[in-house]
Amino acid sequence: MNVPPLVELRGVTFGYGDGRVVLDDVSLHVPRGKVSVLIGTSGGGKTTLLRLIGGQLRARSGQVLFDGRDVGALDRDGLYAMRRRMGMLFQFGALFTDMSVFDNVAFPLREHTRLSEPLIRDIVLMKLHAVGLRGARDLMPGELSGGMARRVALARAIALDPELIMYDEPFSGLDPISLGTAARLIRQLNDTLGLTSLMVSHELESTFAVADHIVVLANGRVAMQGTPDEVRHSSDPLIRQYVTASPDGPVRFHHPAPPVAQDFGVVPQQGVRP
Ligand SMILES: Nc1ncnc2c1ncn2[C@@H]1O[C@H](COP(=O)(O)OP(=O)(O)OP(=O)(O)O)[C@@H](O)[C@H]1O
């Protein structure tokens with residue numbers, strides 16, 4: 001049986017208002033219950049795409065569907081209800097530094113539910129247990145390593161039992177061992193909690209090892225979607241450039257800019273290329 005994807009983008013075009021198109025007719029799907037990874041060049045629109053899914057931004061045209069509903073057409077209450085079903089963990093998903101680990105994880109529960117404190121305690125300890133940090137409940141964020149802080153942020157992101165969890169570069173700044181642990185943890189949580197995960201990552205090796213579905217975003221468009229194996233073995237030069245991390249290839253290096261001659265006041269001489 002074909003399960004409909006939890007998130008789907010249909011012909012989405014978006015720009016920030018400076019006239020430049022960041023995402024150009026992007027269509028992709030995030031399969032339910034799977035770990036999907038979004039890869040692509042820096043500045044290619046990956047974070048923008050997560051923010052469109054979260055409803056923080058609205059597409060200029062096209063549709064962003066979450067569980068079959070058009071995110072761009074939701075009113076405030078609808079958007080609020082939808083966001084309750086999503087956990088988001090952004091790059092430096094900062095913890096509240098003046099609160100203990102326990103209180104950080106309890107925060108969304110105290111803020112968004114009317115659960116009793118004894119119940120909140122059980123949920124917090126369960127979530128901390130899931131990330132291996134039940135014993136660290138009384139520590140302050142300043143006493144945690146980078147990898148531990150990331151795991152506490154993760155426990156906080158799953159406190160309200162989201163269906164979708166989005167990670168923006170969850171591995172940046174982690175050493176190779178913490179990175180492997182974090183990648184495995186994302187996989188484990190996805191499977192044990194029945195989540196759907198979508199992450200943006202530049203760490204191809206670790207993410208390919210735990211992902212089911214890869215989306216390659218290049219020059220504002222979807223260059224390819226498929227399994228890690230399909231992406232790894234693609235013969236498309238653009239995809240090969242990503243997979244082999246080669247500096248040379250069809251991926252644009254320059255952010256769109258006025259011609260060099262215009263910026264530097266150089267008048268091209270006849271016969272000389274600017
Ligand atoms: N708030 C904003 N206002 C204007 N332009 C923005 C804004 N946020 C991002 N951009 C531009 O949109 C483009 C895409 O940015 P985005 O952060 O989505 O890329 P990314 O693929 O996540 O990059 P990275 O991998 O470096 O994090 C970039 O050119 C960026 O300069």
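1. A word on pairing before we start: two strands count as paired if DSSP finds at least two bridges between them. Please also keep in mind that this is a predicted model.

2. β3 covers residues 35–40 and pairs in the parallel sense with strand β8 (residues 196–200) over four bridges. To find this pairing in the viewer, look for Val-35, whose bridge partner in β8 is Ser-197.

3. Strand β3 also runs parallel to strand β9 (residues 213–218), and five bridges join the two. Here you can look for Ile-39, which has Val-216 of β9 as its bridge partner.

4. Is β3 enclosed or open to the outside? Six of its six residues are buried, so the strand is largely enclosed by the rest of the structure. Both faces are covered: one side carries Val-35, Val-37 and Ile-39, the other carries Ser-36, Leu-38 and Gly-40, and all of these are buried.

5. Next, have a look at helix α1, residues 46–53. Six of its eight residues are buried, so α1 too is largely enclosed by the rest of the structure. The buried ones are Lys-46, Thr-48, Leu-49, Leu-50, Leu-52 and Ile-53. Just after the helix comes Gly-55, which takes a positive phi of about 80 degrees.

6. Now to the ligand. Which residues surround it? They are Tyr-16, Val-22, Gly-40, Ser-42, Gly-43, Gly-44, Gly-45, Lys-46, Thr-47 and Thr-48. Helix α1 supplies the largest share of this shell, three residues. By residue class, the shell divides into two nonpolar, seven polar and one charged.

7. Finally, step back to the domains. The domain assignment of the protein gives domain 1 as 1–85 + 164–250, and domain 2 as 92–161. Their C-alpha centres lie 25 Å apart. The contact between them takes eleven residues from domain 1 and ten residues from domain 2.

8. Which element gives the largest share of the side of domain 1 that touches domain 2? That is helix α6 (residues 176–192), with five residues. As for residue classes, this side of domain 1 divides into seven nonpolar, three polar and one charged.

Note on methods:
Residues numbered from 1 in each chain as written. Predicted model: local features only at pLDDT ≥ 70, side-chain atom pairs only at ≥ 80, totals over all residues. Buried ≥ 20, exposed ≤ 12 C-beta atoms within 10 Å, placed from the backbone. Domains from an automatic or database assignment. Contact = placed C-beta atoms within 7 Å. Nonpolar A, V, L, I, M, F, W, Y, C, P; charged D, E, K, R; others polar. Near = placed C-beta within 6 Å.
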